[in-house]
Amino acid sequence: MQGSVASTAFRAFLRAFFAILGVGCGVLAMVALIGAISSEDKGARLTSQLTEEILPNSKEVREALGKEAPVLLQIDLNGIIGTEELNGEKIRQILVESREGDYQSDRVKGLLLYINTPGGTVTDANAIFQAILDYKMQYHVPVYAYVDGLCASGGVYVSLAADKIYASSVSLVGSVGVIAPSFLNFTKLLDKIGVEALTLSAGEGKDALNPLRVWKPGEEDTYKAILDFYYRQFVDLVVAHRPQISQEALVSRYGARVFPAPLAKEYGYIDEAGVRLQQAVEDLARAAKIEDEQYQLIRLADKGWWKSLFRSIQNGTSNHMVHTFSLSPIYDTLFLGEYLYLYTP
């Protein structure tokens, strides 16, 4: 009797086990099938990386129009340039896909840069600026920028690709400068606790500013030369694209400070201050020769609810990030070894 009960229980266990195993195999097969379909879809439809999000037009109307309607593309520069969510590769992807699929028939008539950033890495700021400038020149579309909060350092660098720059009444603009993460020296601490360190290197200057030994005079010269190079490039670009700003004033008077929007307009950093976003959109549509509000203002965003959720959280905290991203250890960790067009109050 006991053997019969045990046998019955064992058979029930096996049935349950194989049933669960079968369900698991079915799920895996379904995942593989979806993956294969997605891969085929990506190969056939190049715009599958991003999804279209319709935004309110200048009349604050959000309405889906036909696939033939002209499009104004809003590109958000929200947060720190050089992070996973905002970098040169991400912006290039948006620009490339704005000419594919439903948009390949020259539907995109203008770009709106929506800016709230303290800047970021030199390389990503330059990559975004160049990508937008190339797009503007290749497709002959107007590019307007709207500052809603902060446009500093790398944000100013990117905004130079715009034909016109607008700002809200409470925005801050400026900070033309470059900075590198701090170099620390621990030799006194090591002496105090009785620790010695040995670093092996080959090549002149490879061991420059080693934090575990006393620095020699002039070790920082190479890094200063790079900083000066990036600074001169930034200044030359500002002077070339914002003719109201002279090099002498930029270097000697304005420096790396930020200014309230009205003062930024007076100095020549922006074209209009105290402007609402809707006005900037309306002016862009007019510059793109679009009439009667028959256009679609869109944003191309990553697919997936988890990415949208992360972006919403990031956007909700971006203002906090902008104003607290001033502690040296934080950006030293995030951008180790990077040169930065970054405002750090």
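Analyst: Buried means under 20% relative accessible area, exposed over 50%, and partly exposed in between, using a 1.4 Å probe and protein chains only. This is a predicted model: local features need pLDDT of at least 70, side-chain atom pairs count only at pLDDT 80 or more, and totals for chains, interfaces and linings use all residues. Residues are numbered from 1 along each chain as its sequence is written, and side-chain values use heavy atoms, leaving out hydrogens and water.

User: Is I193 buried or exposed?

Analyst: I193 belongs to helix 5 (residues 187-193). Helices (H or I, at least four residues) and strands (E, at least two) are DSSP runs, numbered from the N terminus. The relative accessible area of I193 is 54%, so the residue is exposed.

User: Which residues make the nonpolar surface patch of about 530 Å²?

Analyst: Patch residues have over 30% relative accessible area and no salt bridge; like charges are joined within 9 Å, nonpolar side chains (Val, Leu, Ile, Met, Phe, Trp, Tyr) within 5 Å. Areas come from the Shrake-Rupley method with a 1.4 Å probe; for residues, only the protein chains shown count as cover. The patch is made by L184, F186, L189, I193, V195 and L212.

User: How many residues are in the largest nonpolar core?

Analyst: Such a core is a set of buried Ala, Val, Leu, Ile, Met, Phe, Trp, Tyr and Cys residues joined through side-chain atoms within 4.5 Å. Among those with the most contacts inside it are I75, L111 and I132. Its residue count is 57.

User: Which residues does I132 contact, leaving aside neighbours within four places in sequence?

Analyst: Contact means heavy atoms within 4.5 Å. The partners are I91, L95, L111, L113, V143, V158 and A161.

User: Which elements do the buried residues of helix 2 pack against?

Analyst: Helix 2 (residues 88-97) buries G88, K90, I91, I94, L95 and E97. These residues pack against strand 1 (50-55), strand 2 (71-78), strand 3 (108-117), helix 3 and strand 10 (296-302).

User: How many residues apart are D163 and K136?

Analyst: D163 and K136 form a salt bridge, with the closest N and O atoms 3.1 Å apart. That term means a side-chain nitrogen of Lys or Arg within 4 Å of a carboxyl oxygen of Asp or Glu. D163 lies in the loop between helix 4 (154-159) and strand 6 (164-167), and K136 in helix 3. The pair links distant parts of the chain, with a separation in residues of 27.
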